[in-house]
Amino acid sequence: MAEDVINISKGIDVSHWQGDIDWGKVAADGISFAFLKATEGTRYVDPTLYKNADGARSAGIKVGAYHFARFGSKEEAQAEANHFLNTAKKTILSYPLVLDLEINQKKVSKSDLTDAAVFFLEELEKSGNFAMLYTGKSFLESALDETKLEPYAKWIARYNNELGRAADIWQYSSKGKVNGIQGNVDMNLCYLDGLPAMVGGGLKQDSVKPSKPVQKPTHEKPSSAPKQTVYTIERDDTLSGIANRFKTSVKALQSLNDIKNPNLIHPGQKLKVFGSVSKPAAKQEYYTIKSGDTLSGIAAKHNSSVKQLQAWNHIKNANKIYAGQKIRVK
């Protein structure tokens, strides 16, 4: 029996506003990644960046960094990208560098702001980093030309019961509570395993495109898979509580998982929440490019097409691939 298992990790993003953070307690509370504010504009550096980076990394948390943008042109984007890169290179990161674009401060056109954003992201990639865009759902859909931003991984903010669009990371709340942090903190769900810090560590992966709205999480890890969901039981969970959250019944969960006593479940136990999938999902395969390889040759070898490889791996120019690059081929 095949199962669609969606691996969703929980993370936060912080700045000096969160004050002194006990990263050991944060990690123990189930947080696996954190994005740290690094810079803003062309001069500002967040005073907690390096301390937070060291603390999070020591606690086993994956660390990324973001830049709050104020540019309105390519020239301004260049200056801000330089400032960001010069700051970020002074620490060790294991998650992407992010362009935080949520205001049009210079009140430029949609086209000009988008072109400046693309330029900024390209500068991050030229330096060897995995570039990602953070923005609000409304801002992306109204103030930016999304077609030009298609190649880039996206971290989308929407404080609602559902995301309502494709995203790689969903920021679903600004009022989260996490052990080790005083006050509120932004909460995020990452739908992709293995987001890299460096482009050489792996290319952009396909964004999650939910077939129906994803529910806001409480203890559960929601899934965009409509056929079958596998849920890992957490501390304080009850079978009736899980049934209520997934709009199913205790009897259905017992039947799917061969559970005789509904009161005997334990943390870490995996539950099938919905029915079985009749056809196994195709397994993704990856190939590491070797010297002399061409995209057309790789496509022929793996019974694919150049266009399909470009789409899967967000490759703009089919002639620009390099040895050591890892791409999806199935």
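Predicted model: local features only at pLDDT ≥ 70, side-chain atom pairs only at ≥ 80, totals over all residues.
Q: Which strands pair with β6, and in what sense?
A: Look for the bridges. Strand β5, residues 97–100, is joined to β6 by four bridges, and the two run parallel. Leu97 stands opposite Ala131 of β6. Between β5 and β6 the chain passes through helix α4, residues 110–126, in a right-handed β-α-β crossover. Strand β7, residues 153–157, also pairs with β6 in the parallel sense, over five bridges. There, Leu133 has Lys154 in β7 as its bridge partner. The chain goes from β6 to β7 through helix α5, residues 137–143, and this β-α-β crossover is right-handed too.

Q: Now a helix. Which residues of α2 are buried?
A: List them, then check where they point. In α2, residues 49–58, the buried residues are Leu49, Asn52, Ala53 and Ala56. They span an arc of only 100° around the axis, which puts them on the same side of α2.

Q: What does the face of α2 turned away from the buried side carry?
A: That face carries the exposed residues Lys51 and Ser58.

Q: What covers the buried residues of α2?
A: Read this from contacts. The cover includes strands β1 (9–14), β2 (33–40) and β4 (62–68). It also includes helices α1 (23–28) and α3 (74–88).

Q: Which residue with a positive phi follows α2?
A: Gly60 follows α2, and its phi is positive, near 85°.

Q: How many salt bridges does a search of the whole structure find?
A: Ten. To count, a side-chain nitrogen of Lys or Arg must lie within 4 Å of a carboxyl oxygen of Asp or Glu. In one of the ten, Lys37 pairs with Glu40, with the closest N and O atoms 2.5 Å apart.

Q: Are Lys37 and Glu40 buried or exposed?
A: Check each partner against the cut-off. Lys37 has 12% relative accessibility, so it counts as buried. Glu40 has 17%, so it counts as buried as well.

Q: Where do Lys126 and Glu123 lie?
A: Both lie in helix α4, three residues apart, about one turn of the helix. Lys126 counts as exposed, at 65% relative accessibility. Glu123 is buried, with a relative accessible area of 12%.

Q: What does the salt bridge between Glu141 and Arg165 tie together?
A: Place each partner in the fold. The two side chains meet at 3.1 Å, N to O. Glu141 lies in helix α5, and Arg165 lies in the loop between β7 and β8 (169–176), so the pair ties together parts that are 24 residues apart in sequence. Glu141 is partly exposed, at 40% relative accessibility. Arg165 is buried, with a relative accessible area of 13%.

Q: Which residues are linked in a network of salt bridges?
A: Follow the shared partners. Lys137, Glu141, Glu146 and Arg165 are linked in such a network.

Terms used. Residues numbered from 1 in each chain as written. Heavy atoms only, no water. Pairing = 2+ DSSP bridges. Right-handed = clockwise from strand over helix to strand, strands pointing away. Buried < 20%, exposed > 50% of the residue type's maximum accessible area, 1.4 Å probe, protein only. Arc of directions from axis to C-beta. Contact = heavy atoms within 4.5 Å.
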